[in-house]
Amino acid sequence: MSGPALRKADSHHLIHLAAAGEGTDLTMLAKSLLASGRTEEASKTLAVLCEHWRESTLEHAKEEESGWYLELMENEDVKPIVLGFRRDHFLMERFVMEMEQKLQQGDSLDEVMMYAEGFLKLGQIHSKSEEKFISQLEEGVW
Ligand SMILES: [Fe+2]
Ligand SMILES: [Fe+2]
C-alpha cells in the first residue's frame, strides 16, 4: 500500500494494524517459549520477528520518508512534528539492529526480549501519534 493510503487516517491505521498484529503475536510467542526454557525455538522466533519488522513496519517507514514526509516538511509548522516521526523510525530500526546483532552474537535472549517488547511500545506510540496527526490534517488543523 502506498501513496494515497498513507494520507487517510483510516487506511493508514489499517497498515499499522496489520504489521502490529503479527509482530505482537510473534513477540508473545517468543516470550512464552523463553519462559518455558525453549531457548532454541525462542531464538528462531525472535529472528523471524526481526524479519517481520524489516518487511512490514520498517519498509512502511521508508515509504513514508521517501514521499509523504518530504511533502509535509514543506510546511514549516508541520516540519518539527515530522522530524519527531523520523526520529521514532530511527529508533525502531535501531532496536531491530540491536536484536539482530545480539541474536548473531549469541547474547542473552532476555536482553533481546527487552528490545522486542520495547519495539512494540515504541511502535504503538509512533502509530498513535501519526494517526492523530493525520486526523488533524483531515480536520484542517494544520
Ligand atoms: Fe511512521
Ligand atoms: Fe505510518
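## Basis

The model is predicted: local features need pLDDT of at least 70, side-chain atom pairs count only at pLDDT 80 or more, and totals for chains, interfaces and linings use all residues. Residues are numbered from 1 along each chain as its sequence is written, while chains are lettered from A and ligands numbered from 1 in the order in which they are written.

## Overall fold

The protein has 6 helices and 0 strands. Helices (H or I, at least four residues) and strands (E, at least two) are DSSP runs, numbered from the N terminus. Along the sequence the pattern reads α-α-α-α-α-α. The C-alpha atoms fill a box of roughly 55 × 25 × 20 Å along the principal axes.

Of the 142 residues, 20% are buried. A residue is buried if 20 or more other C-beta atoms lie within 10 Å of its own, exposed if 12 or fewer, and partly exposed in between; C-beta atoms are placed from the backbone. Two residues are in contact if their C-beta atoms, placed from the backbone, lie within 7 Å. Among contacts with a separation of 6 or more, 66% join residues 24 or more positions apart.

## Helix α3

Helix α3 covers residues 39-55, 17 residues in total. From first C-alpha to last it reaches 24 Å, close to the 24 Å expected at 1.5 Å a residue. That expected span is 1.5 Å times one less than the number of residues.

Which residues of α3 are buried? They are Ala42, Thr45, Leu46, Leu49, Cys50 and Trp53. Seen down the axis of α3, these buried residues fall within an arc of 150°, so they line one face of the helix. The arc is that of the directions from the helix axis to the C-beta atoms. The face turned away from the buried side carries the exposed residues Glu40, Val48, Glu51 and Glu55. Cover for the buried residues of α3 includes α2 (9-35), α4 (57-72), α5 (79-105) and α6 (109-139).

## Nonpolar core

A nonpolar core is a set of buried Ala, Val, Leu, Ile, Met, Phe, Trp, Tyr and Cys residues joined through C-beta atoms within 7 Å. The largest has 14 residues, and Leu46, Met99 and Ala116 touch the most other members. Two or more residues come from each of α2, α3, α5 and α6. Helix α3 gives the most, with 5 residues.

Leaving aside neighbours within four places in sequence, Ala116 is in contact with Thr27, Ala30, Leu46, Leu49 and Met99.

## Thr24

Thr24 lies in helix α2. Thr24 counts as partly exposed because it has 14 C-beta neighbours inside 10 Å. Its C-alpha atom is separated by 9.9 Å from that of Phe119, 95 residues apart along the chain.
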